[in-house]
Amino acid sequence: MKLTGPSRPPREPRRPAIILAHAIVVRTSPAQGGVGAADIGKVEVWYDAGIRDAFAALAVVSASGERVDKRDAAIDSADPSHVTVSVNRLNPGKYTVRYRALSADGHLVSGAWEFEVRP
């Protein structure tokens with residue numbers, strides 16, 4: 001006579017984990033809440049992962065609501081987590097940078113940060 005224990009259901013093969021995460025801003029230049037030079041030349045943002053080219057945007061707006069960037073926001077071809085936009089010489093004052101990006105998981109993320117140019 002052969003004794004057997006309770007039968008176990010067959011194991012399902014393990015599936016690789018799927019990680020879905022929205023892009024998160026990890027660094028900006030000028031720094032959030034920081035001070036930028038009048039002749040900074042460009043404003044930059046870095047995300048924690050690469051972003052898709054579609055919908056990538058970066059805009060710099062003065063305290064009076066005037067857009068002061070050159071409308072040439074672009075993803076760095078050597079680093080898809082890095083986006084830049086050119087600006088002319090900035091007058092002293094506060095500026096708001098608005099960003100928008102399409103995460104690798106397909107979600108659109110957006111937000112803003114401020115910096116100041118001092119005389």
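**Figure 1. A charge over a ring: R27 and W46.** R27 lies over the face of W46, 3.7 Å from the ring centre. A charge counts as sitting over a ring if NZ of Lys or CZ of Arg is within 6 Å of the ring centre and within 35 degrees of the ring normal. Please keep in mind that this is a predicted model: local features need pLDDT of at least 70, side-chain atom pairs count only at pLDDT 80 or more, and totals for chains, interfaces and linings use all residues. Residues are numbered from 1 along each chain as its sequence is written, and side-chain values use heavy atoms, with hydrogens and water left out.

**Figure 2. The whole chain, for orientation.** The protein chain has 0 helices and 8 strands, where helices (H or I, at least four residues) and strands (E, at least two) are DSSP runs numbered from the N terminus. Of its 119 residues, 33% are buried; buried means under 20% relative accessible area, exposed over 50%, and partly exposed in between (1.4 Å probe, protein chains only). Among contacts with a separation of 6 or more, 57% join residues 24 or more positions apart, a contact being heavy atoms within 4.5 Å.

**Figure 3. The surroundings of T28.** T28 belongs to strand β1 (residues 25-29) and is buried, at 11% relative accessibility. Its side chain reaches the backbone oxygen of P30 at 2.9 Å and the backbone nitrogen of Q32 at 3.1 Å. Not counting residues up to four places away in sequence, T28 touches E44, V45, W46 and W113.

**Figure 4. Aromatic pairs.** A search of the whole structure finds 3 aromatic pairs. Rings of Phe, Tyr and Trp (its six-membered ring) pair if their centres lie within 6.5 Å; planes under 30 degrees apart count as stacked, over 60 as edge-to-face and the rest as tilted. Y47 and Y99 form an edge-to-face pair, at 6.1 Å centre to centre and 70° between the planes. Y47 lies in strand β3 (residues 42-47) and Y99 in strand β7 (residues 93-103), so this pair ties together parts that are 52 residues apart in sequence. Y47 is buried at 4% relative accessibility, and Y99 is buried at 18%. Y95 and F115 form a stacked pair, 5.6 Å centre to centre with 20° between the planes. This pair links Y95 in strand β7 with F115 in strand β8 (residues 108-117), 20 residues apart. Ring pairs also link Y47, Y99 and W113 into a cluster.

**Figure 5. The nonpolar core and F115.** The largest nonpolar core has 23 residues, and those with the most contacts inside it include V43, Y47, W113 and F115. Such a core is a set of buried Ala, Val, Leu, Ile, Met, Phe, Trp, Tyr and Cys residues joined through side-chain atoms within 4.5 Å. Strands β3, β4, β6 (79-86), β7 and β8 each supply at least two residues of this core. Leaving aside neighbours within four places in sequence, F115 contacts residues including P30, V43, V60, L90, Y95 and V97.

**Figure 6. D53, an exposed strand residue.** D53 is found in strand β4 (residues 51-62) and is exposed, at 62% relative accessibility.

Conventions: Polar contact = N/O pair within 3.5 Å; in protein donor to acceptor, adjacent residues only side chain to side chain.
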